[in-house]
Amino acid sequence: MSPGYRKNNKVKRSALTGIWQHFLDAHPEYLARHYWWAYLWRFGVWFFDHQPIINAILFGQYQTLKTQALRACMTNRPKGRLLQLTCVYGSLTPSLMKSLKDDELYLMDVADVQLGATRQKLGDKEKSRLLAARMNAEYLAYSNDAFSTVLLFFLLHELPPAAREHTLDETLRVLQPGGRLVITEYGQYPRQHFLCRWWPIRILLLHLEPFLGNFWRQDLFAVLRRHAKTYNKTLRQVDEFHCFSHFYRVCVFEVEGPDDR
Ligand SMILES: C[S@@+](CC[C@H](N)C(=O)[O-])C[C@H]1O[C@@H](n2cnc3c(N)ncnc32)[C@H](O)[C@@H]1O
């Protein structure tokens, strides 16, 4: 028996005993494997969707980041449709719906339990303005240039590198020229930040967020520009907000099409 065969079998056997397997159900493997407890397990969804918990996870920065993300989306919002790329815990979606007044909000997520939890946070009138659909962010079922604004709130650092590439590619595909992209995320690797210098916290963070290390080291703007080019679009960064000593950021980009240049 070759060592490779033995190793593969061992991986399969341990995978079979893994609780995460129960959460596969057409979810991406990384989501079930690394985040079942946070996003797919009903108890986890209930537990984490409490304001004090979310605030603690974001080291007290939730309200600031939410306010900045809403401001970035809504100030002089380009005319057209707004897409929130995946569900988020907390009051971001209800606040977005409120800011949109009579306009619709497009929302997608690969997990039904998340879409259901978001719906529950809305009143009847708001529910009728929420166009929610289950789909994978790596393969969006929207047409090219379908949206004038796309919001990503703490999604990218949770994606493995390949899934992140696909998701950003799809994001640039569905954003129309003249459109706006708002990304709320961790900042670039904050080497000097006390949370990074204190190794127990750094290790815990990277254990809970296994793809954050890769995201930290990525030049987000360069990656976005590369994907925009695929669709003959260019990207301009128009704003960037930092908080918690650059640990978090809200970036705002505008898309230009071939006719704008
Ligand atoms: C936006 S992220 C993180 C949100 C952040 N931790 C918060 O709640 O403020 C979590 C969401 O992304 C969804 N998700 C992860 N990978 C996805 C994918 N490939 N396609 C669609 N949704 C995805 C999960 O189901 C989950 O609802």
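Analyst: **Aromatic rings, then a helix crossing**

Trp36 counts as buried, with 16% relative accessibility (buried is under 20% relative accessible area, exposed is over 50%, partly exposed is in between, with a 1.4 Å probe and protein chains only). This is a predicted model, where local features need pLDDT of at least 70 and side-chain atom pairs count only at pLDDT 80 or more, while totals for chains, interfaces and linings use all residues. Residues are numbered from 1 along each chain as its sequence is written, and side-chain values use heavy atoms, without hydrogens or water.

Now the pairs. The model has 30 aromatic pairs (Phe, Tyr and Trp rings, the six-membered one for Trp, with centres within 6.5 Å; planes under 30 degrees apart are stacked, over 60 edge-to-face, the rest tilted). Trp36 pairs with Trp41: their ring centres are 5.7 Å apart and their planes stand at 55 degrees, so this pair is tilted. Trp41 is partly exposed, at 37% relative accessibility.

Phe59 and Phe244 form another pair. Their ring centres are 5.8 Å apart and their planes meet at 20 degrees, so the pair is stacked. Phe59 sits in the loop between helix H4 (51–57) and helix H5 (62–74), and Phe244 in the loop between E6 and strand E7 (248–256), so the pair ties together parts that are 185 residues apart in sequence (helices, H or I, of at least four residues and strands, E, of at least two are DSSP runs, numbered from the N terminus). Phe59 is partly exposed, at 29% relative accessibility.

Trp36 and Trp41 also belong to a cluster linked by ring pairs. Its other members include Phe23, Tyr35, Trp37, Tyr39 and Phe43. Trp46, Phe47, Phe48 and Tyr89 are in the cluster too.

Next, the helices. The axes of H9 (residues 161–174) and H13 (residues 220–230) come within 9 Å and cross at roughly 55 degrees. That makes H9 oblique to H13 (under 35 degrees is roughly parallel, over 145 roughly antiparallel, 65 to 115 roughly perpendicular, the rest oblique). On the H9 side, Glu165, Leu168, Asp169 and Leu172 make the contact (heavy atoms within 4.5 Å). On the H13 side, it is made by Leu220, Val223, Leu224, Arg226, His227, Ala228 and Thr230.

Asn232 lies in the loop between H13 and strand E6 (234–243). Asn232 is partly exposed, with a relative accessible area of 43%. Asn232 and Leu172 are 60 residues apart in sequence, and 10.0 Å apart in space, C-alpha to C-alpha. Leu172 is one of the H9 residues in contact with H13.

Notes:
Axes fitted to C-alpha atoms, helices over the stretch in contact; angles between N-to-C directions.
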